[in-house]
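Here's a quick briefing to read with the model open next to you.

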Amino acid sequence: MEGPAIPGAPLGEGWGRLWVTAQVGRWLRGQAPWGTADLLAWPQGMPFWPTDPLVQAVQVPLTALLGDTAALTAVTGLLLWLAGVGPHALARRLGAGPLGAAIAGLLVQGSPFVLRHGADLVLEALALGPAALAGAAVVAAHRAQRPSAATWLAVLAGVGATAATSPYLAVYLALVCGLCALATPRRWRRWAGVALAGAGACLLVLLPLWAAERGEQGRLGVDFAQRGYHLAPTAVVHPSTGARAAPRPPPSPAVGAAPSPRPPAAGPAPRPSALERLSRRVPGGAALLLASLSGLAWRPTRALSALALLLLLLSPEPWLTAAALQPRLPRFDGPLDAAMGALPMLSALGNAGRVVGAFVVIAAVIAARLCHRQPLLAPVLLLLGLAEAQARFPGLALPATPVQVQAGLLQDLDGPTVFFPSGDPPAWHPAVAPKELLFLAGRAGVPVAYDYGRGRIPVDLPVQARLSVLSDAPIGVAALRVAPALPDQAAAWAALPFRHLVVLEERLAPEEVARLRPWLQTHATLAAEGPGWSRWAWPDRF
């Protein structure tokens, strides 16, 4: 792809990843206090700490050397490489041969779990490599007659690296260790040592996160755990007619005012058959599920297979697959999700769907052991995994999103800014990617109203709702429902602490721009404009 690009789909998490690195860079340069996202939820700001400080420790210096987009691509490639190295090391530790261990790494890298989260650029879910290396260290400590200091140091480093790259996977590593401890109660002393070492490592890594985010608006606060993301809309409508909005074709790359918008959606496709739906939603992936089931027939892998299948049943995947095959079934996200719903603090650091990552690693180890016993099984599993990956991502290439910011768009933004239309919940627009404005804010150092899904209504929501009504541009239902009325009175607008209004006109239909422009020309001052965008001095009178 020509020009700068980031891995992942346009509506993925890549924009947010760029912003996190930009925020950490602001801390290092002394432009913002540590533990605070000074550019978000203007004017208050909000508590923030990255959940993957180890990734940031790599990405921040790479950003200084290569630029933000190239650094993100390099870090994504590093995590995908580790996703193969970690299962390889764990499989070797559990007795697999070199061929089987290599197949384990390849099956994890090409698994639907990794490909799906790679397409969305959820780096916390891609960090299976450190979790598998931590598992290998735990196995070494459990099997050793007298674990050496180096063995315990490896446990500390492995668990700490897992918590520093993905707290989600640290939670599920602890779950796996707990299940193994229940299955081998005679080794309780050794498991107690592992638990103490792991808890100490996690405490050291997660203490800054707890200190920064334990407040009311933090991710570990009660308000976020109970109400976070509840304002995200489920539909997009036109304000005047109530009709559901249809996505528009993306603008030409030559005049795109900001990163690529949502791709055009095709018309309603005929419902696929049950067999086709099953082929797209095999829980955990066809190759890994086959390996787990086959492992039940061989005594040395029976316990591992039982553990893998139990983790899969605890996750949402088999239950969502059943609902996809039989739409009359009620939605159920699995027993683990139901249990975590009663533990809001844990749910802030865990995602029940990502326990499938633990299944993927264990199932790959089972495949490695089976291939060591029966070498002819190796090409079968490898070809099945390759075919499944090819069916989901032709050419085995993850999507990429071009990063195109029109020259001048971010210049002279010396104060808090409102972007319209917005991709921020709940004022969600179908042509602006979620978290895209975080990227713009982080790169330009511009304060915005985005609140990172903390359950707090963004302070620019009345403006978003008002401008959507004036232009009849599609906007999230939740925005229209919760935004307070904003009359044409100077006091009402002056109370909103913003200095600039940037209109991404390329993201609006021509008729919507035609309706909005006269109003802006009457009540605001045009400061600058370019192909597909315009910047207005924030109105101080109406």
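Start with an open sheet of 4 strands, ordered β6-β8-β10-β9 with mixed pairing. Two strands count as paired if DSSP finds at least two bridges between them, and helices (H or I, at least four residues) and strands (E, at least two) are DSSP runs numbered from the N terminus. Keep in mind that this is a predicted model, in which local features need pLDDT of at least 70 and side-chain atom pairs count only at pLDDT 80 or more, while totals for chains, interfaces and linings use all residues. Residues are numbered from 1 along each chain as its sequence is written, and side-chain values use heavy atoms, with hydrogens and water left out.

- Axes here are lines fitted to C-alpha atoms, for helices over the stretch in contact, and angles run from 0 to 180 degrees between N-to-C directions.
- Helix α21 (residues 461-471) packs on the sheet, where it touches β6 and β8 (500-503), and its direction makes about 35° with that of β6.
- As background, strands of a sheet pair through backbone hydrogen bonds, either parallel or antiparallel.

**Strand β10 and its partners**

- β9 and β10 (residues 533-537) run antiparallel and are joined by 5 bridges.
- β10 is mostly covered, with 4 of its 5 residues buried. Buried means under 20% relative accessible area, exposed means over 50%, and partly exposed is in between (1.4 Å probe, protein chains only).

**Nonpolar cores**

- The largest nonpolar core has 114 residues, and those with the most contacts inside it are Leu123, Leu128, Leu311, Phe359, Val360 and Phe419. Such a core is a set of buried Ala, Val, Leu, Ile, Met, Phe, Trp, Tyr and Cys residues joined through side-chain atoms within 4.5 Å.
- Helix α18 (residues 356-373) gives the largest share of this core, 14 residues.
- A second, separate core holds 17 residues, including Phe420, Ala473, Leu496 and Leu520.
- What does Leu128 touch? Leaving aside residues up to four places away in sequence, Leu128 touches Val108, Phe113, Val114, Leu169, Gly357, Val360 and Val361. Contact means heavy atoms within 4.5 Å.
- In soluble globular proteins, nonpolar side chains tend to be buried together.

**Helix α13 and its cover**

- In α13 (residues 286-295), the buried residues are Ala287, Leu288, Leu289, Ala291, Ser292 and Gly295.
- Their cover includes α4 (98-109), α14 (299-314), α18 and α19 (377-392).

**Two residues to look up**

- Pro375 is in the loop between α18 and α19, and it is partly exposed, with a relative accessible area of 47%. Its C-alpha atom is separated by 8.2 Å from that of Gly100, 275 residues apart along the chain.
- Arg443 is in helix α20 (residues 436-444) and is partly exposed, at 41% relative accessible area. Not counting residues up to four places away in sequence, Arg443 touches Asp68, Thr69, Val403 and Val405.

**Cysteines**

- How many disulfides does the structure hold? The number is 0, where a disulfide is a pair of cysteine sulfur atoms within 2.5 Å.
- For Cys180, the closest cysteine sulfur is in Cys177 at 6.4 Å, too far for a bond.
- Cys180 counts as partly exposed at 26% relative accessibility, whereas Cys202 counts as buried at 18%.

**The chain overall**

- The chain has 24 helices and 10 strands, and 54% of its 542 residues count as buried.
- Among contacts in the chain with a separation of 6 or more, 73% are between residues 24 or more positions apart.
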